[in-house]
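Hi,

Here is the structure I said I would pass on to you. Have a look at it first, and then read my notes below.

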Number of protein chains: 2
Amino acid sequence: MKGSTNTRAVLLFIGDELLIGQTENTNAGWMARKLVEWGIETIEMRTLMDDREVIKNAFEEAWEKGDLIISTGGLGPTNDDMTAEVLADFCRAELEFNEEVFSWIKEYKEKQGQSVNSLHEKQAVLPTGLQYFRNESGTAPAMLYEKGDKVIVALPGVPYEMKELLTDKIYPRLKEKLISDNLKTTTLLTAGIPESEIAGQLEDFENQLPKSLSIAYLPGLVRVRIRLSARADSESKAEEVLQKYSQELQSILGDAVYGRGEETLEGVLGGLLKKNNLSLATAESCTGGYIAHLITSVAGSSDYYKGSVVAYSNEIKKGQLGVKESTLEEYGAVSEETVREMLAGVCHKFQTDLGIAVSGIAGPGGGSEEKPVGTVCVAVGRPDDYRLETYQLNQNRLLNIEKSSLLAINMLRLFLWGD
Amino acid sequence: MKGSTNTRAVLLFIGDELLIGQTENTNAGWMARKLVEWGIETIEMRTLMDDREVIKNAFEEAWEKGDLIISTGGLGPTNDDMTAEVLADFCRAELEFNEEVFSWIKEYKEKQGQSVNSLHEKQAVLPTGLQYFRNESGTAPAMLYEKGDKVIVALPGVPYEMKELLTDKIYPRLKEKLISDNLKTTTLLTAGIPESEIAGQLEDFENQLPKSLSIAYLPGLVRVRIRLSARADSESKAEEVLQKYSQELQSILGDAVYGRGEETLEGVLGGLLKKNNLSLATAESCTGGYIAHLITSVAGSSDYYKGSVVAYSNEIKKGQLGVKESTLEEYGAVSEETVREMLAGVCHKFQTDLGIAVSGIAGPGGGSEEKPVGTVCVAVGRPDDYRLETYQLNQNRLLNIEKSSLLAINMLRLFLWGD
């Protein structure tokens with residue numbers, strides 16, 4: 001129901017591999033977030049066996065409940081793939097060999113240097129009267145069935161195939177039919193401020209929001225995503241309202257906002273370093289290489305990132321990073337004095353403009369009364385111009401590592417913005 | 001139906017946060033795998049809104065379909081938590097303040113240095129006639145309802161609370177009622193051999209398996225989990241069959257098997273290093289610190305791990321790891337000659353017995369005709385006694401990093417086993 005404020009979706013995830021836990025269903029969360037962006041409410045998700053009756057019943061029940069049904073899986077060429085057959089049954093359509101879809105499959109396989117076989121012929125036997133969409137990264141096409149105000153979409157289960165098809169091919173069709181042009185959303189990404197503090201800062205802002213605008217918080221470990229959605233009489237009006245309030249939001253939260261949409265902290269930091277032609281090295285103790293991993297997960301990071309010393313012992317801190325024996329004795333390995341020396345040491349050694357240095361107690365062992373598990377000291381900046389911070393985290397080992405890494409990267413981002 | 005070969009489970013995941021994609025449902029896959037281990041077949045999963053009618057209908061439909069219903073979520077103290085009310089309705093029970101559960105909550109909060117409030121009192125208002133199980137890591141207790149052959153279990157949604165309660169408190173009760181003593185399972189973990197090759201090696205083994213034994217493959221990026229399940233007339237007989245065939249399986253696959261159950265490659269490597277009192281350092285180029293991260297994700301790794309040099313430029317490879325200019329010129333940064341010198345360099349510098357060194361092209365840029373994206377060279381061992389390997393991977397950047405890291409750790413494991 002285009003323009004309606006409540007298009008309701010039911011998602012069906014088909015495949016025995018999901019029910020035995022062989023494959024993690026990463027499609028569910030991604031798809032739910034996409035649909036929220038598009039103003040569609042997911043009212044139920046089901047994970048189903050590769051069983052004709054089960055799948056058919058699920059489509060029938062979903063058809064009763066929702067305006068949009070999206071299924072994933074069961075579109076492959078083998079016998080346990082039965083979504084096409086069930087859809088033919090459900091839509092009262094014939095199964096027929098589809099020349100066009102077969103030519104897509106053939107071209108795809110040829111691009112891979114392979115040829116088609118009889119299984120691929122089976123994969124092109126599809127219900128008549130549906131719309132098909134070419135899969136650029138695999139053999140299974142997407143299918144779309146419309147009746148009245150309702151739509152069924154069947155997608156392959158492989159995450160990147162599903163994502164490409166849904167956003168590139170299916171979205172334009174949904175936009176015509178189910179998605180209001182008059183809804184616009186944007187997501188501001190913040191780091192370093194807890195959700196409760198953000199909510200406090202935004203109290204006045206929220207109180208004066210017009211009814212056409214809604215705000216939602218999606219908190220993560222260090223980051224909070226703030227989604228603004230504007231609904232108006234026209235597309236341009238919605239865009240205008242969204243612009244106005246997202247700018248206001250940004251000016252209230254200031255440099256806590258590091259980006260929009262799908263940006264990452266490490267990607268934003270990389271962009272800053274590249275733009276300013278600055279080089280970076282890291283010196284890690286408790287984070288054990290995870291900061292280096294985050295930074296190097298960005299393609300092209302070798303342009304600005306020189307490397308890291310993971311110093312997991314005091315000997316390495318002294319021998320490789322030039323931390324003074326007296327500093328370690330007087331202040332300990334987990335201290336602002338030590339990370340400051342680690343920072344200077346790694347910048348000097350790797351001849352970089354900037355550094356990040358971290359030392360802490362990730363746990364579960366190693367804590368003391370004075371410095372309990374979760375104590376983490378961070379230094380960022382230049383050898384002679386730096387910021388120091390001591391955090392007290394209270395997660396488990398892996399989350400303490402992840403959280404201190406993100407906090408450290410965020411500190412350097414803020415250092416550069418303030419520079 | 002204890003002893004039956006087909007206890008059927010329906011899983012209900014309750015919470016709006018799952019339907020908007022705010023929280024990833026990591027419980028689903030974990031729970032499904034646990035149930036398979038216990039010989040229980042999951043026939044459906046549903047993710048549901050925080051809506052009384054919706055939840056009640058889902059319990060009713062699940063009761064028709066399954067022998068065991070497990071729900072997560074909706075047990076908190078706020079108004080959108082309504083699992084307890086729905087269960088009272090479903091089980092035709094009264095809601096009553098439960099003194100014992102309240103004392104658990106009180107003790108838990110006191111341990112955290114906090115006191116209870118009126119919301120916690122609400123959380124202790126529970127249906128009569130159900131069994132309650134104490135949550136050691138939170139306030140929401142687990143609930144269990146039995147009628148005839150069927151069982152409903154309601155668990156909190158927080159993953160570690162759910163996992164503790166299901167395995168420590170609920171499992172013993174399910175074992176009495178629904179889980180056959182005569183089913184035993186074990187999972188062998190292999191690394192470095194693709195599933196197709198394992199299947200080839202196990203062809204004869206599979207052909208001579210008795211009917212009482214089943215085998216399943218769960219392939220991952222570098223690792224394949226092989227699950228053996230034995231069903232017999234008695235517990236001891238099942239155990240005996242499982243022992244016999246898992247030993248046979250292990251002897252066929254040899255040192256490709258690195259562990260059992262939930263062990264990790266980095267954990268097994270850590271155990272080997274500790275046992276043999278050996279120290280380790282790493283030198284990473286394309287993996288960018290991910291190997292260091294995996295190794296230091298193991299608690300207690302500072303006993304054997306000294307640290308890493310992440311050398312993301314040729315200057316660092318030369319200056320910090322002593323790779324010869326002539327080697328880089330003649331063979332390139334991605335070559336077995338270079339990683340051999342990186343290995344020797346880092347062992348010398350960090351004064352360790354052993355090293356891992358990796359250099360490669362993670363992509364998407366940086367490839368050439370001769371060395372395409374995905375080319376990765378690995379050296380493991382001692383400066384004068386090492387193994388070299390060149391891999392050709394074909395994943396995206398992040399998966400190439402993850403895969404080469406796991407392959408490198410596995411190479412050192414095999415080196416130590418062969419030592």
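Before the counts, a word on terms: a helix here is a DSSP run of H or I with at least four residues, a strand is a run of E with at least two, and both are numbered from the N terminus. Keep in mind too that this is a predicted model.

**Chain A as a whole**

On those terms, chain A has 16 helices and 17 strands. Chain A has 419 residues, and 47% of them count as buried. If you take the contacts in chain A with a separation of 6 or more, 67% of them are between residues 24 or more positions apart.

**How the two chains meet**

Strand β2 (residues 40–48) of chain A is joined to β2(B) by five bridges, and the two strands run antiparallel. To find your way along this pair, look for A:Met45, which has B:Thr47 of β2(B) opposite.

What takes chain B onto chain A? A turn of 180° with a shift of 0.2 Å along the axis does, and the RMSD is then 0.3 Å. This is how a two-fold axis relates its copies. The contact fits in with that, as 100% of the contact residues of chain B recur in chain A, and the same surface serves both copies.

**A sheet in chain B**

Next, have a look at an open sheet of four strands in chain B. The order is β10-β11-β9-β12, and the pairing is antiparallel. Which strands stand at the edges? They are β10 (213–219) and β12 (257–260) of chain B; each has a single partner strand, so one side of each has no neighbour in the sheet. On average, neighbouring strands of this sheet are turned by 25° against each other, direction ignored.

You can trace two of the pairings through β11 (residues 223–231) of chain B:

- β10(B) and β11(B) are antiparallel and share seven bridges. They make a hairpin, with three residues between the two strands. Among the bridge partners, B:Tyr217 goes with B:Ile226 of β11(B), and B:Leu218 goes with B:Arg225 of β11(B).
- β9 (residues 183–191) of chain B is joined to β11(B) by nine bridges, again antiparallel. Here B:Leu189 has B:Arg225 of β11(B) as its bridge partner.

**A helix and what follows it**

Helix α5 (residues 99–111) of chain B has 13 residues. From its first C-alpha to its last, α5(B) reaches 18 Å, close to the 18 Å expected at 1.5 Å a residue. After α5(B) comes B:Gly113, which has a positive phi near 75°.

**Backbone details to check**

There is a cis peptide bond in each chain. In chain A, A:Gly363 and A:Pro364 are joined by one, with omega about 0°. You will find A:Pro364 in the loop between β15 (354–360) and β16 (375–382) of chain A. In chain B, the cis bond is between B:Gly363 and B:Pro364, also with omega about 0°. B:Pro364 sits in the loop between β15 (354–360) and β16 (375–382) of chain B.

Two residues of chain B have a positive phi without being glycine. One is B:Arg92, with phi near 50°, in the loop between α4 (83–90) and β4 (95–97) of chain B. The other is B:Asn277, with phi of about 55°, in the loop between α11 (265–275) and β13 (280–284) of chain B.

Are they buried or exposed? B:Arg92 counts as exposed because it has 8 C-beta neighbours inside 10 Å. B:Asn277 has 9 C-beta neighbours inside 10 Å and so counts as exposed.

Cheers

Terms used: Residues are numbered from 1 along each chain as its sequence is written. Chains are lettered from A and ligands numbered from 1 in the order in which they are written. This is a predicted model: local features need pLDDT of at least 70, side-chain atom pairs count only at pLDDT 80 or more; totals for chains, interfaces and linings use all residues. Two strands pair if DSSP finds at least two bridges between them. Copies are superposed by least squares on the C-alpha atoms of residues with pLDDT of at least 70 in both. Two residues are in contact if their C-beta atoms, placed from the backbone, lie within 7 Å. The expected span of a helix is 1.5 Å times one less than its number of residues. Axes are lines fitted to C-alpha atoms, for helices over the stretch in contact, and angles run from 0 to 180 degrees between N-to-C directions. A residue is buried if 20 or more other C-beta atoms lie within 10 Å of its own, exposed if 12 or fewer, and partly exposed in between; C-beta atoms are placed from the backbone.
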